[in-house]
Amino acid sequence: KRRAYESLPEVAINSTPPGAQVLLATGATLGSTPLTTHLEPGRYQLRLKLEGYSDEVAELEVGQSGKFNLVVPLKSMPEVDIQSVPPGAQVLLANGATVGSTPLKLRMPPGRYKLKVQLPGYADEEPELQISQGSSVNLVVNLKSLRKHAALALWTNIRGAQVTLDGKVVAVTPFAGQLGVEPGRHQVTLSRSGFATVEQLV
């Protein structure tokens, strides 16, 4: 059997860069480049796959005898940089497949993609990504918080009074700003030695 195999035409398959997996149209793997093998005479359709590079399909015609060479140049996939504000968001494709979490750098085949960017506490965003061969893509997604915010303004004619909001000291008078609070009812307390403590539910 070994002798019969070696009597078949010799085929040398290379790729630039090397290390690509070589598959027949049936899905059977011949090996990785640089590859030397023996094949029956005939026409073959080969697919070369290498991470970070687009798949390439090549035709190979093997004659009755002799040595046959095939060199396939591979095209690097475009680099994609995806960031979100704030970071840590999950990035998914339209089919639900997870791409990764931001900040994210990867290589993707050229084409148009619809993404879903998710982060707990923030509204989902669905940006579209157009990737062209030979170019790099940068995408920044600004996420909108689902938390609602309110402001509490405070005025008093007593200086040096301690302002407590829901049991936590937040300011000392005079205080001219606004306090950021969640919507709803809050307990405000003003206290200073020598003065009556004032408590109010707002």
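The following legends describe close-up views of a predicted model.

**Figure 1. The open sheet of four strands, β10-β9-β12-β13.**
The view shows an open sheet of 4 strands in the order β10-β9-β12-β13, paired in the antiparallel sense. The edges are formed by β10 (98-101) and β13 (128-131); each has a single partner strand, so one side of each lacks a neighbour in the sheet. From one strand to the next, the twist averages 30°. The antiparallel pair of β12 (residues 111-118) and β13 is joined by 4 bridges. Within this pair, Arg 112 has Gln 130 of β13 as its bridge partner.

Leu 129 is part of strand β13. With a relative accessibility of 3%, Leu 129 counts as buried, because the cut-off for this class is under 20%. Excluding residues up to four places away in sequence, Leu 129 touches Val 80, Ile 82, Met 108, Gly 111, Arg 112, Tyr 113, Leu 115, Val 137 and Leu 139. One of these contacts, Leu 115, is 14 residues apart from Leu 129 along the chain, and the C-alpha atoms of the two are separated by 7.3 Å.

**Figure 2. Strand β8 and its pairing with β11 and β14.**
Strand β8 (residues 79-85) runs antiparallel to β11, and 4 bridges join the two. Glu 79 has Arg 107 as its bridge partner in β11. The pairing of β8 with strand β14 (residues 137-142) is parallel and comprises 6 bridges. In this second pairing, Val 85 stands opposite Asn 142 of β14.

**Figure 4**
Strand β16 (residues 162-165) and strand β19 (residues 187-191) run antiparallel and are joined by 4 bridges. Here Gln 162 stands opposite Ser 191 of β19. Strand β19 also pairs with strand β20 (residues 198-201), again in the antiparallel sense and over 4 bridges. In that pairing Val 188 stands opposite Gln 200, and Gln 187 has Leu 201 as its bridge partner. The hairpin of β19 and β20 has 6 residues between the strands, and Gly 194 in this hairpin takes a positive phi near 90°.

Most residues other than glycine have a negative phi, and most peptide bonds are trans. Thr 16 and Pro 17 are joined by a cis peptide bond with omega about 0°; Pro 17 lies in the loop between β1 (10-16) and β2 (21-24). A cis peptide bond also joins Thr 102 and Pro 103, with omega about -5°. Pro 103 belongs to the loop between β10 and β11 (104-107). Asp 166, a residue other than glycine, has a positive phi near 50°. The loop between β16 and β17 (168-172) holds Asp 166, which is partly exposed at a relative accessible area of 44%.

**Figure 3. Surroundings of Thr 33.**
Thr 33 is located in the loop between β3 (29-32) and β4 (35-38). The relative accessible area of Thr 33 is 6%, and the residue is buried. Leaving aside residues up to four places away in sequence, Thr 33 touches Ile 13, Asn 14, Ser 15, Pro 18, Gly 19, Ala 20, Val 22 and Leu 48.

**Figure 4. Salt bridges.**
The whole structure contains 8 salt bridges. The side chains of Glu 10 and Lys 67 form one with an N to O distance of 3.2 Å. This pair links distant parts of the chain, 57 residues apart, with Glu 10 in strand β1 and Lys 67 in strand β7 (residues 67-73). Glu 10 is partly exposed, with a relative accessible area of 24%, whereas Lys 67 counts as exposed at 53% relative accessibility.

In the salt bridge of Lys 114 with Glu 126, the closest N and O atoms are 3.8 Å apart. Lys 114 lies in strand β12 and Glu 126 in the loop between β12 and β13, so this pair ties together parts 12 residues apart in sequence. Lys 114, at 41% relative accessibility, counts as partly exposed, and Glu 126 is likewise partly exposed at 45%.

Lys 144 forms a salt bridge with Glu 125, where the closest N and O atoms are 3.6 Å apart. Lys 144 is in the loop between β14 and β15 (150-153) and Glu 125 in the loop between β12 and β13, 19 residues apart. Lys 144 counts as exposed, at 54% relative accessibility.

Definitions and conventions. Residues are numbered from 1 along each chain as its sequence is written. This is a predicted model: local features need pLDDT of at least 70, side-chain atom pairs count only at pLDDT 80 or more; totals for chains, interfaces and linings use all residues. Side-chain values use heavy atoms; hydrogens and water are left out. Two strands pair if DSSP finds at least two bridges between them. Axes are lines fitted to C-alpha atoms, for helices over the stretch in contact, and angles run from 0 to 180 degrees between N-to-C directions. Buried means under 20% relative accessible area, exposed over 50%, partly exposed in between (1.4 Å probe, protein chains only). Contact means heavy atoms within 4.5 Å. A salt bridge is a side-chain nitrogen of Lys or Arg within 4 Å of a carboxyl oxygen of Asp or Glu.
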